[in-house]
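Welcome! Let us take a walk through this structure together, one region at a time.

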Amino acid sequence: MPQQLTRETLIAKDLADPLRRFRDQFVIPEGLIYLDGNSLGMLPRACVERVQQVVEHEWGETLISSWNDHGWIELPLRAGAKIAPLIGAQADEVVVCDSTSINLFKVLASALTMRPGRRVIVTNKENFPTDVYIAEGLARLLGNGCELRFATPDTIDAALADDVAAVSFSHVDYKSARIEDMAGITARVQRAGALAIWDLSHSAGAIPVDLNVAQADFAVGCGYKYLNGGPGAPAFIFAARRHHDAMRQPLSGWLGHATPFAFGSHYEPASGIARMITGTPPVVSMSLLETAVAIITEAGIERLREKSKAMTSLLIDLVEQQCAGSGLDLASPRDAERRGSHVIFAHPEGYAIVQALKARGVVGDFRAPHFVRLGIAPIYLSYAELWDAVARLKTVMDAREWNQSRFRVRAAVT
Ligand SMILES: *Cc1c(COP(=O)(O)O)cnc(C)c1O
């Protein structure tokens, strides 16, 4: 437990923070402490300028010529190449397109066709729901051609038989924040003849990922979380270069065609990662993601990880000191090396606590059944804010502010 933690020591820590200048590059509402950058990243100021440029100039004035003149047509590959170094991939192994859910569908289906004779997809029942639902939908579509099997990263060996085509796990668990051993699990999956698929939604932009060191086969991930691409920002797909010729995805739309503008009457996949593209990119949204990723790159993913570890550790220390006896139990790994960039605490009144905290200007989120989840986006948060957030949490807990009926009404989005 750290000695003499005070608000002043944390202000000093902020002054010495090598990433300090990045905070000013984001729009930060006055008085708001935002511990939810793992669900929707904050707005980079550069995106405010970029949206104006892309809407008013590129769309408004240059119109359809912008596909060539402003490189709109290359945007999916260009944005993918910018994300690549953040996740340990080569520039030609990543493309930005569609949503994480849809990309997972494409990747799972590709994996099945690359392992003929094998029909099982292994995933984690506790995975983010869409990851399970999408696999269920694919299995239903393929009937006898596909079956789901549930396992966790800890029980994977028992699930690996010669009927397994692919294993799909999250790198960082969306609830506990536990980081999985990507290289170790990938090796075991591949030894059993299957392909390893990783969901990087809670990793990309906060934690350096080494897809190629781990020899991962495929990965998907979100653009609107730590990458700060904005609400509904498109997602990305990674496919290892060694699979580019063999992979075939089922949403074989025209912009993933070898020669889209030949307008031929049969589908022929583009070479390389481009065959993962389906249709026309959402240019406005993707332009913002491209702009936002550049800020993460400039900050440096290794430095972001160092700050994230320091901050999640500080948050745990502060909650355990200030809110001792309040019933908030750490449910994330205590070892920072095994923990992603958010922290969850279990409490039977988790939902109401999150609402009461929000009424005091601290935004976190609730995850069923009883978790208070506090996300740390290291690029724009300050250490002093964490002090203030926990001081407000202490008030909520000490005064039992959560015990008011207005904090117990469930909204559509939690
Ligand atoms: C956030 C998240 C998603 C979101 O998928 P969308 O298609 O963008 O709704 C998927 N998987 C995981 C693991 C996530 O954390």
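A surface patch, as the word is used here, is built from residues with over 30% relative accessible area and no salt bridge, and nonpolar side chains are joined into it within 5 Å. Keep in mind that this is a predicted model. With that in hand, look for I73, W254, F261 and F263, which make a nonpolar surface patch of about 440 Å². I73 sits in the loop between α3 (66-69) and α4 (75-83). Its relative accessible area is 32%, so I73 counts as partly exposed.

Next, turn to the ligand. A shell of 13 residues surrounds it, and the closest are S101, D131, D199, Y224 and K225. Several polar atoms face each other here. In the side chain of K225, an N or O atom is 2.6 Å from an oxygen atom of the ligand, while a polar side-chain atom of D131 lies 2.9 Å from a ligand nitrogen atom. T100 takes part through its backbone, where a polar atom is 3.4 Å from an oxygen atom of the ligand. On its own the ligand has 390 Å² of accessible area, and the protein covers 86% of that. Two or more residues of the shell come from each of α5 (100-114) and α6 (129-142). By type, the shell divides into 3 nonpolar, 7 polar and 3 charged residues.

Now for the charged pairs. Side chains of opposite charge can pair when their charged atoms come close. The structure holds 23 salt bridges. One of them joins the side chains of K307 and D17, at 2.7 Å from N to O. K307 belongs to helix α10 and D17 to the loop between α1 (7-15) and β1 (33-34), so this pair ties together parts that are 290 residues apart in sequence. Both K307 and D17 are buried.

Another salt bridge links E385 and R23, with 2.9 Å between N and O. Because E385 lies in helix α12 (residues 383-398) and R23 in the loop between α1 and β1, the pair connects parts 362 residues apart in sequence. E385 is buried, at 8% relative accessible area, whereas R23 is partly exposed, at 26%. Elsewhere, R78, K82 and E290 are linked in a network of salt bridges.

Finally, return to helix α10 (residues 301-322), where L314 is found. L314 has a relative accessible area of 7%, so it is buried. Its C-alpha atom is separated by 8.2 Å from that of Y383, although L314 and Y383 are 69 residues apart along the chain.

Conventions
Residues numbered from 1 in each chain as written. Predicted model: local features only at pLDDT ≥ 70, side-chain atom pairs only at ≥ 80, totals over all residues. Heavy atoms only, no water. Near = heavy atom within 4 Å. Polar contact = N/O pair within 3.5 Å; in protein donor to acceptor, adjacent residues only side chain to side chain. Areas by Shrake-Rupley, 256 points an atom, 1.4 Å probe, with all protein chains shown as cover. Helix = DSSP H or I, 4+ residues; strand = E, 2+ residues; numbered from the N terminus. Nonpolar A, V, L, I, M, F, W, Y, C, P; charged D, E, K, R; others polar. Patch = residues over 30% accessible without salt bridge, like charges linked within 9 Å, V, L, I, M, F, W, Y side chains within 5 Å. Salt bridge = Lys/Arg side-chain N within 4 Å of Asp/Glu carboxyl O. Buried < 20%, exposed > 50% of the residue type's maximum accessible area, 1.4 Å probe, protein only.
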